[in-house]
Amino acid sequence: MAILIGNNTTLALNSDDYIRNEINQYVAKLNFILIFVQSFVSISGIFGNMLALIVINKKSLRNTSSAVYITYMAIFDSAVLLLHCASLAQPRRNLFIHCSLIYLTDLFSICANWVLVIITLERCVAVASPFLAKRFCTVHSARYSVYILISIAILLFSATFPIIYHTDVTSKRAKCKIRPAFGLIHRIYQPIVFYVLPDILLLSNLFTVYSLIQRRRQQKRLSNDDKFELRVNDVHSNRKQRQLTIMLVTVNFTFYLFSTPALIFFIGEYTPPKHPEINKLKRSFFFTQTSVLLLQLHHATNFIFYCFTGRRFREATIETFNQCSTQLKIFYHRYFLCDKYYRVSSDYQMTNIPSTNKPNRLLDKEYSSKYTKRTTI
């Protein structure tokens, strides 16, 4: 959908040549400026999603169903950003590449959006009914649900893509275009499937937040009552559910924030004005390209919100950076400075043995030698 919004900025206008040339020059200047911003957002978003993949698959975080969903969502978001970077290179000279970019971008975009819906519904079930969570909110069920989603998306787009799109060879650059008969249908069904239905289902966060508030109140009442004692595991599980819910509510809020303007402009572009003013057209093109940038931000900023709202994720991220900095120091001193002394100390740190263990080992050896001498006497 982002590729279609970007491509629609070069539409032919029903006005004189002067207005058309001025608008085309403005669009070219705007695209030249925004291409650097979009490239920076895409590259930084890919880097952030790769960091999210590394952090979420650490031993302390990976054995949960939420980690599976976050992993696949980071993969889909990275794929969308990579495809957008490829579309910025204007590959319309190759018809196959242009059609493949449209197909794959829509495929990975809908998978990323609906994985967010699935993880939200999964959190709703986990908070509302802990007994059902033990049965359904597992790692295997999360993987199976993602596999089913990918299969349905591939079947859906493989069946509808040849019907909705056709190849336009008459223009200077061959490209995929929507058939005129399916223009209105495409403007209706794609926003519904991509954004409207996920927006409705993501409202289940309200029920999740309400359930957490009720459970916290109940926990306070039980803690004030001397007859009941709360287990430590229950307190930790409630705290964990609360942290995951805060993370998801933040990501869902950014989904509403970034996708709503693009949805409005995508629907409004179906009926452009017949006798437009130059300033209105320039504002329309500017807002359209800004909506494309907002769609990129939706796929590029999840890692930032994970770090801000998730304490365990933030601690794992800091630990990962510390490990990477240690590895870089070891590599620099070994292969650039050829420092043998630092090589020994780095190996000593790599084994995760503190410095106080060395005299303890000597004491253990002395104690073991004395013990053997006493036993041999």
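Reply: Start with Glu122 and Arg123, which are both buried (buried is under 20% relative accessible area, exposed over 50%, partly exposed in between, with a 1.4 Å probe and protein chains only). Their side chains meet in a salt bridge at 3.3 Å, N to O.

Me: What counts as a salt bridge here?

Reply: A side-chain nitrogen of Lys or Arg within 4 Å of a carboxyl oxygen of Asp or Glu.

Me: And what sort of model is this?

Reply: The model is predicted: local features need pLDDT of at least 70, side-chain atom pairs count only at pLDDT 80 or more, and totals for chains, interfaces and linings use all residues. Residues are numbered from 1 along each chain as its sequence is written, and side-chain values use heavy atoms, with hydrogens and water left out.

Me: How many salt bridges in the whole structure?

Reply: A search of the whole structure gives three. One of them joins Lys282 and Glu22, 3.5 Å from N to O. That pair links distant parts of the chain, 260 residues apart: Lys282 is in helix α10 (residues 278-300) and Glu22 in helix α2 (residues 17-56). Helices are DSSP runs of H or I, at least four residues, numbered from the N terminus.

Me: What does Arg311 pair with?

Reply: Arg311 forms a salt bridge with Glu315, and the closest N and O atoms are 3.0 Å apart. The two are separated by about one helical turn because they sit four residues apart in helix α12 (residues 311-335). Arg311 is partly exposed at 37%, and Glu315 is partly exposed at 44%.

Me: Switching to the core. Which residues touch the most other members?

Reply: In the largest nonpolar core, which has 50 residues, they are Tyr69, Ile110, Leu116, Tyr306 and Phe313. A nonpolar core is a set of buried Ala, Val, Leu, Ile, Met, Phe, Trp, Tyr and Cys residues joined through side-chain atoms within 4.5 Å.

Me: Which helix gives the largest share?

Reply: That is α4, with 13 residues of this core.

Me: Last topic, the surface. Which residues form the positive patch?

Reply: Arg216, Arg217, Lys220 and Arg221 form a positive surface patch. Patch residues have over 30% relative accessible area and no salt bridge, with like charges joined within 9 Å and nonpolar side chains (Val, Leu, Ile, Met, Phe, Trp, Tyr) within 5 Å. Arg221 lies in helix α8 (residues 204-224) and is exposed, at 55% relative accessible area.

Methods
Accessible areas come from the Shrake-Rupley method with a 1.4 Å probe; for residues, only the protein chains shown count as cover. Lys and Arg count as positive and Asp and Glu as negative; His and the chain ends are not counted. The place of a charge is taken as NZ of Lys, CZ of Arg, CG of Asp or CD of Glu.
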